[in-house]
Amino acid sequence: MWIQSCNGASYAFGMYSEEMKLSLGYNQESLDTIGFWKDVGENVGIVAGLLFDVVQPSWVIAVGATQTMCGYFLLWLTITHKIARPKLWGVCTFMWMATNGQTFFNTATIVTCVKLFPESRGKAIGLLKGMLDLSSAILSQIFTGIYGSAARKSAFLLLMSWQPAFVEFSAMFLVRLDAVDNDGIGASESYWFLVVMTLSSCLAIFLMVVVVIDNFLLLSTAVDRGVSIIVIIILLLMMIVPWRSTLYRRRETEDFSQLSEKLLQKDTIFGKDMNLEEKDGISEETEIKFEQTAGKGITGTSSIGEEEAGDLPQHIKIDTEKRASTFLDNRVPKIEQDLTVCEILVSTDFLLLVMATLCAMGAGFTAINNMGQIGFSQGYSPRQIDTLVSLLSIWGFAGRCLGGFASDILLHTKAVPRPAFIVAALCTLALGLALDMPK
């Protein structure tokens, strides 16, 4: 969450795109070309995925932080004319370098969380991608607190050249693929995800209130800095969640170990007081009862009594178990095995996801990239455009978080497949764009 909270500078493109356009003397076509390469950089993460398979997630984050730092620093030097103005392809290269580092962070954090929390993949991805959206508002507030509301937007690129790298280099060794036993912790896992969502939602609501007030009342620099400190404190509070959940997990493990030792001791004492024949008889009787109970639990409606079930032929028992197993396999979603790159590229699921992504993200990123120009065309002031970008970031966070939690809940309770949510998201996007069309 920390890494994603400072990783969404690409969503704030509308904040500094107009100054880039004026400073470099570009027209709208040139700016659209830069925006295109920004989108390519932040969405094409093949190198990050290949690197994740051979090194630890911390080193993937280090590569992304270095690339992002260099890219945004070169953009700042270009806009402020600290270096000779490069060609358009040079500026596009700088933008691609800056935003492509985001793919390294996304790969390291999201894939790690998916592997560590296989039963809560929707919640994990929703929170991480939601925090990525919210990071635009977070970075905007921190920028205002450090440089002031009257600072030039080129200073935002300077902030992006060191602030995210500082956080990522500090937290990269906390992201690791440790062996986690996920058996029997579904309830507590959902509880801690709910706590994280509550904290992040409080942060989003707080930012929205501050942004709206700041749009009507010009807050002083001291107030902006105080708000930035509160934002950082809320982000620090999120570190309590993994610490508390680790202690809770450790306490559960210790309690289970103590209970196992007590049961083992009782079983040993019980075995000493009985002869071998008595123990064998009890063992066989217990096994028969267990098979009968399991058969009833699987079928749910069994008209065969306990005595008759024990007398069933062996081939009927095997056939019943196979049908019950097939029924459960079809009802319970299974966690897929890891696939190679070649297997993924030829899979139908991957091709469908690529097509859905191309159809959806193109329209969304076009609107985000031109948010600054849309604001200026409507006569908005730079402060109002910043407010618009921040509110868009906050509502994007709400949509991604709610979508992730809803997909997990409906998947496990109603067996609603995740592609259904993709269809719903595409329909909602189409409706939103249709409502924004000029009359």
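Phe13, Ser17, Met20 and Lys21 of H2 meet Gln28, Leu31, Ile34, Gly35 and Lys38 of H3, where contact means heavy atoms within 4.5 Å. By class, that contact splits into four nonpolar, three polar and two charged residues; Ala, Val, Leu, Ile, Met, Phe, Trp, Tyr, Cys and Pro count as nonpolar, Asp, Glu, Lys and Arg as charged, and the others, Gly among them, as polar.

This is a predicted model, with local features needing pLDDT of at least 70 and side-chain atom pairs pLDDT 80 or more, while totals for chains, interfaces and linings use all residues. Numbering starts from 1 along each chain as its sequence is written, and side-chain values use heavy atoms, leaving out hydrogens and water.

Here are the two helices (DSSP runs of H or I, at least four residues, numbered from the N terminus):

| Helix | Residues |
|---|---|
| H2 | residues 13-24 |
| H3 | residues 28-43 |

Their axes come within 11 Å and cross at roughly 140 degrees; axes are lines fitted to C-alpha atoms over the stretch in contact, with angles from 0 to 180 degrees between N-to-C directions.

Lysine 153 counts as buried because its relative accessibility is 14%, and the cut-off for buried is under 20% (1.4 Å probe, protein chains only). Leaving aside residues up to four places away in sequence, lysine 153 touches Met15, Tyr16, Glu19, Phe143 and Asp386.

Overall, the protein has 19 helices and zero strands, and 38% of its 439 residues are buried.

Note on methods:
Buried < 20%, exposed > 50% of the residue type's maximum accessible area, 1.4 Å probe, protein only.
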